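Subject: A structure for you to explore

Hi there,

Here is the structure I promised to pass on to you. Please open it beside this email and have a look around before reading on.

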Amino acid sequence: MSIVEAPPAGAALHARAQVLYEQHCDSVSRKIDRWFAGLLIFQWFAGVIVALWISPFTWAGTQASTHPHVWAAALLGGLIISFPLLLILTRPGAALTRHVVAVSQMLASALFIHLSGGRIETHFHVFGSLTFLAFYRDWPVLVTASVVIAADHFLRGLFWPQSVYGTAVGAEWRWLEHAGWVVFIDLFLVQSCLRGVAEARAIALRQAELEAAHQDVEQQVLDRTAELRDSEERTRAVVNNLFDGVVTINEDGIVETFNPAAEKIFGYRAAEVVGHNIKLLMPESYHDRHDAGLARC
């Protein structure tokens, strides 16, 4: 038979802390997933409203038709949010879900920039999206988002600069400027994520220590209770085997112990005496003196 040694106390403590930390991370991820589900749906509706407000129609002479921006906002926007919403429903808290949400959020930013014709104000949507993604406290998610938005600006800057920069020429290298700002923001957000992870790990370790201390106290109480129970049983065994009669009472004169020798002396069984007043064993003429003695005690 093999003997399995118990892990050191420190190893068990850190293992428990890791479990608590992972549970906390999963809870945070699920919460942010739900938050992003609402945000993505809201952005989809907002994109359609923006498209209807800025350019609802395109004209060919006197003939008007729905502008392609409206179809892009409705159809492309719906396609962008569909996969992350599916993952949020089926795999909440998973790393894949976080990264897909990051991709979708950056594509939503790109769509907003396109709908506005590359207005500089809408580029701030990218920075807001990165800040929201930092709530996951998972810095690789920021890397995924940054790569997606940099690739979008690079490719559209080459083939369709007006949709991202609002100009048809001279925008081939502007993606580097925008990517630089994204990296600048990422430096602060990554530090925030790392600090949040460190704090979460410290909290998990403190909770594990509190749990260990609580378990230690509980074990001490159980051990002490068992010792008292053993002591009572030994005392009871000694009392029951004495040749002398032993009768104990509480402060109210109620019999608590009545050993076999006392049964022989008084002629009562223990069941008839225990729980009753000791005066049961006394002549009635001693009752008043007994009560007076108890009152003095």
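Below is what I found, starting with the whole chain and then turning to a few residues.

First, please keep in mind that this is a predicted model.

**The whole chain**

The chain holds 10 helices and 4 strands. If you trace the elements from the N terminus on, they run α-β-β-α-α-α-α-α-α-β-β-α-α-α. There are 297 residues, and 33% of them count as buried. The accessible surface comes to about 18,700 Å², with 64% of that area belonging to carbon and sulfur atoms.

Contacts tell you something about the fold as well. If you take the contacts between residues at least 6 apart in sequence, 55% of them join residues at least 24 apart.

**Histidine 125**

Next, please find histidine 125, which sits in helix α4 (residues 124–133). Is this histidine 125 buried or partly exposed? Histidine 125 counts as partly exposed because its relative accessible area is 22%, and the buried class only takes in values under 20%.

Which residues does histidine 125 touch, leaving aside those up to four places away in sequence? They are Gln43, Gln105, Ser109 and Phe112. With serine 109 there is also a polar contact, side chain to side chain, at 2.5 Å.

**A nonpolar patch and tryptophan 160**

Phe154, Leu155, Leu158, Phe159 and Trp160 make a nonpolar patch of about 550 Å². Tryptophan 160 from this patch lies in the loop between α5 (139–159) and α6 (162–165). With a relative accessible area of 49%, tryptophan 160 is partly exposed, because a residue has to be over 50% to count as exposed.

**Cysteines**

How many disulfides does a search of the whole structure find? The search finds 0. As a reminder, a disulfide is a covalent bond that links the sulfur atoms of two cysteines.

Cysteine 25 is partly exposed, at 26% relative accessibility. Cysteine 193, on the other hand, is buried, with a relative accessible area of 1%.

Happy exploring, and do write back with any questions!

Best wishes

Technical notes: Residues are numbered from 1 along each chain as its sequence is written. This is a predicted model: local features need pLDDT of at least 70, side-chain atom pairs count only at pLDDT 80 or more; totals for chains, interfaces and linings use all residues. Side-chain values use heavy atoms; hydrogens and water are left out. Patches are made of residues with over 30% relative accessible area and no salt bridge: like charges are joined within 9 Å, nonpolar side chains (Val, Leu, Ile, Met, Phe, Trp, Tyr) within 5 Å. Accessible areas come from the Shrake-Rupley method with a 1.4 Å probe; for residues, only the protein chains shown count as cover. A salt bridge is a side-chain nitrogen of Lys or Arg within 4 Å of a carboxyl oxygen of Asp or Glu. Helices (H or I, at least four residues) and strands (E, at least two) are DSSP runs, numbered from the N terminus. Buried means under 20% relative accessible area, exposed over 50%, partly exposed in between (1.4 Å probe, protein chains only). Contact means heavy atoms within 4.5 Å. A polar contact is a pair of N or O atoms within 3.5 Å; within protein, one must be able to donate a hydrogen and the other to accept it, and residues adjacent in sequence count only if both atoms are side-chain atoms. A disulfide is a pair of cysteine sulfur atoms within 2.5 Å.
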